[in-house]
Amino acid sequence: MSELKGKIDFLVLVSVSNANPNGDPLNGNRPRENYEGYGEISDVCIKRKIRNRWQDMGQKIFVQSDDRADDGFGSLKARADGYAPFKEEINNKKNASREKCIRLACEEWMDVRSFGQVFAFKGVEVSLGIRGPVSIHQAVSVQPVDIISMQITKSVNSEDKKDGKASDTMGTKHRVGFGLYVVKGSVNVQLAEKTGFSQEDAQLLKEALKTLFENDASSARPEGSMEVCRLYWWQHEEKTPAVSSAKVHRSVKIEPRSERPSSFGDYVIHYEDPGCVEPEVYYLV
């Protein structure tokens, strides 16, 4: 694998139409929003989808969701123990090497060398934290979102009832009518050198961002309700460019054509050169 050529910045525009992009379990699973009414998608949620796409691409993933586990392991501890060289080193009571443990974990699992990971298990001699080069902000909508709630009922008995049919169970589903969300992120070269994150890994990250919602449909997010509309990808020549990531991300200007946009086409998007390398722009809709 080849070393990362230079720092990477990226920005993704995601449209949400009649879907719940990221429910808040502490608020009745309503779509996340800040105090000003702007919709949010947590960075953890975005990383989960990237991991899922990498799994679909055949990459080894350490933090797998239970419904997608493809290696027969039911926990992170079991997965770590399932990699014999790593288990042997991290349980070495006399001469465990943190550096070797980090190297083995990063070589084995794509998400560890990308996002980092904390390895801290009971009864294990070595606890270690790995800082990953890929950082992702929580996504925020361009404008405040309208959250629509719908009452639903379940008309099938969960258990047999002696006196006949049980009463219908009431529930609530929530969705965002429409929203355009902005995902921002970067890849740090200095940290990539430590974890072994390569130029080939960067290409896999790019492909995952392009297809972020493939194989992700659910009742809350029906097929086609969430869509990656555009991807901006800056591959700098320097490890530490003169232009900050914040300025690079601000170079993409998004302006609504109307007070209540209902589609991606209702926005005007233009790019103002911040004084760095030109981005690769992928028009996906």
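In this briefing, a residue counts as buried under 20% relative accessible area, as exposed over 50%, and as partly exposed in between (1.4 Å probe, protein chains only). The model is predicted, so local features need pLDDT of at least 70 and side-chain atom pairs count only at pLDDT 80 or more, while totals for chains, interfaces and linings use all residues. Residues are numbered from 1 along each chain as its sequence is written, and side-chain values use heavy atoms, with hydrogens and water left out.

**The chain as a whole**

- The chain has eight helices and 14 strands; helices (H or I, at least four residues) and strands (E, at least two) are DSSP runs, numbered from the N terminus.
- Of its 285 residues, 44% count as buried.
- Taken along the principal axes, the box filled by the C-alpha atoms is roughly 65 × 65 × 30 Å.
- Among contacts (heavy atoms within 4.5 Å) with a separation of 6 or more, 70% join residues 24 or more positions apart.

**Nonpolar cores**

- A nonpolar core here is a set of buried Ala, Val, Leu, Ile, Met, Phe, Trp, Tyr and Cys residues joined through side-chain atoms within 4.5 Å.
- The largest such core holds 37 residues, and the members touching the most others are Phe-10, Val-14, Ile-50 and Leu-205.
- Elements that each supply at least two residues to this core include strand 1 (8-19), helix 1 (43-56), strand 10 (169-187), helix 7 (199-210) and strand 11 (226-235).
- Strand 1 gives the most to this core, contributing six residues.
- Setting aside residues up to four places away in sequence, Leu-205 touches Phe-10, Ile-50, Trp-54, Val-134, Val-187 and Trp-233.
- A second, separate core has 18 residues, among them Phe-62, Tyr-83, Phe-86 and Val-126.

**Helix 1 against helix 7**

- Two packed helices are described by the angle between their axes and the distance between the axes.
- For helix 1 and helix 7, the angle is about 110° and the axes are 9 Å apart; axes are lines fitted to C-alpha atoms, for helices over the stretch in contact, and angles run from 0 to 180 degrees between N-to-C directions.
- The two helices are therefore roughly perpendicular, on a scale where angles under 35 degrees count as roughly parallel, over 145 as roughly antiparallel, 65 to 115 as roughly perpendicular and the rest as oblique.
- Helix 1 passes helix 7 in a right-handed crossing; a crossing is right-handed if the near helix is turned clockwise from the far one by less than a right angle, and left-handed if anticlockwise.
- On the helix 1 side, Ile-50, Arg-53 and Trp-54 meet Leu-204, Leu-205, Ala-208 and Leu-209 of helix 7.

**Buried residues to look at**

- Leu-13 sits in strand 1 and is buried, with a relative accessible area of 0%.
- Its partners, leaving aside neighbours within four places in sequence, include Leu-180, Val-182, Val-228, Cys-229, Ile-254 and Phe-264.
- Leu-13 and Ser-141 are 128 residues apart along the chain, and their C-alpha atoms are separated by 9.4 Å.
- Asp-201 lies in helix 7 and counts as buried at 0% relative accessibility.
- Beyond neighbours within four places in sequence, Asp-201 is in contact with Met-1, Met-110, Arg-113 and Gly-196.
- In helix 4 (residues 98-108), the buried residues are Cys-101, Leu-104, Ala-105, Cys-106 and Glu-108, and what covers them includes helix 3 (84-90), helix 5, strand 5 (116-119), strand 6 (128-131) and helix 6.

**Cysteines**

- The structure holds zero disulfides, a disulfide being a pair of cysteine sulfur atoms within 2.5 Å.
- The sulfur of Cys-101 is too far for a bond because the closest cysteine sulfur, in Cys-106, is 11 Å away.
- Cys-229 is in no disulfide either, with the nearest cysteine sulfur, that of Cys-45, 16 Å away.
- Both cysteines are buried: Cys-101 at 0% relative accessibility, and Cys-229 with a relative accessible area of 1%.

**Positive phi values**

- Asn-18, in strand 1, has a phi near 50°, a positive value in a residue other than glycine, and it is partly exposed, with a relative accessible area of 39%.
- Asn-29 lies in the loop between strand 2 (23-24) and strand 3 (30-31), and its phi is near 65°, also positive in a residue other than glycine.
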